[in-house]
Amino acid sequence: VAFRMLPTIVFFSTISSLLFYLGMVQVVVEVLGTGMQRAMGTSRLESVCAACNIFLGQSEAPLLIAPLLPSATTSELHSVMTSGFSTVAGGVLAAYIALGVPSNHLIAASVISAPAAL
């Protein structure tokens, strides 16, 4: 089973890296983060990281906000970790879909979990 899922994870990670390199992930995350910030009254750092966790994993999402981390408060760092734990990384999401789990349920759960973590 692991070897069957590995190409899916590698493919999704490659696509995510390519979209990140082209700047498309940043644009989508910025729009979602701004919407979450206005709707929920959270800080920019918290909102952008939670929005990024919808698409990327817990280890990749903080890279997007790395310049802001030295000045982050302890509550902001806590919300960064909490939002990372609440969502599923894109590669793992694709692996679950390949195993037969309905994609609409997984994507909805990941999107709903981002604001719920904050």
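Reader: At roughly what angle do the axes of helix H3 (residues 44-55) and H5 cross?

Author: This is a predicted model, in which local features need pLDDT of at least 70 and side-chain atom pairs count only at pLDDT 80 or more, while totals for chains, interfaces and linings use all residues. Residues are numbered from 1 along each chain as its sequence is written, and side-chain values use heavy atoms, with hydrogens and water left out. Helices (H or I, at least four residues) and strands (E, at least two) are DSSP runs numbered from the N terminus, and axes are lines fitted to C-alpha atoms, for helices over the stretch in contact, with angles from 0 to 180 degrees between N-to-C directions. The axes of H3 and H5 come within 9 Å, and their crossing angle is roughly 10 degrees.

Reader: Is H3 roughly parallel or roughly antiparallel to H5?

Author: Angles under 35 degrees count as roughly parallel, over 145 as roughly antiparallel, 65 to 115 as roughly perpendicular and the rest as oblique. The axes of H3 and H5 cross at roughly 10 degrees. Relative to H5, H3 is therefore roughly parallel.

Reader: Is Asn53 buried or exposed, and at what relative accessibility?

Author: Asn53 lies in helix H3. Beyond four places in sequence, Asn53 touches Gln58, Ala61, Val80, Ser83, Gly84, Thr87 and Val88. A residue is called buried under 20% relative accessible area, exposed over 50% and partly exposed in between (1.4 Å probe, protein chains only). Asn53 is therefore buried, its relative accessibility being 1%.

Reader: Which residues does Gly84 contact, leaving aside its neighbours within four places in sequence?

Author: Gly84 belongs to helix H5 (residues 74-86), and its relative accessibility of 5% makes it buried. Glu46 is 38 residues away from Gly84 in sequence, and their C-alpha atoms are 11 Å apart. The contacts of Gly84 beyond four places are Asn53 and Gln58.

Reader: How far apart in space are the C-alpha atoms of Met5 and Ala95?

Author: Met5 has its place in helix H1 and counts as buried at 7% relative accessibility. Not counting residues up to four places away, Met5 touches Ala95, Ala98 and Leu99. Although 90 residues separate Met5 and Ala95 in sequence, their C-alpha distance is 5.6 Å.

Reader: Which residue with a positive phi follows H6?

Author: Helix H6 (residues 90-98) has Gly90, Gly91, Leu93, Ala94 and Ala95 buried. After this helix comes a residue with a phi near 110 degrees, namely Gly100.

Reader: What radius of gyration does the protein have?

Author: The protein contains 7 helices and 0 strands, and its C-alpha atoms fill a box of roughly 40 × 25 × 25 Å along the principal axes. The radius of gyration is taken over C-alpha atoms, and the globule rule is 2.2 Å times the number of residues to the power 0.38. For 118 residues, a compact globule would have a value near 13 Å, which agrees with the protein's 14 Å.

Reader: In which helix is confidence highest, and at what mean?

Author: The predictor's confidence in each residue is its pLDDT, from 0 to 100. The protein averages 85, and 98% of the residues score at least 70. Confidence is lowest in H1 (residues 2-22), at a mean of 79, whereas the highest is in H5, at 90.

Key. Contact = heavy atoms within 4.5 Å.
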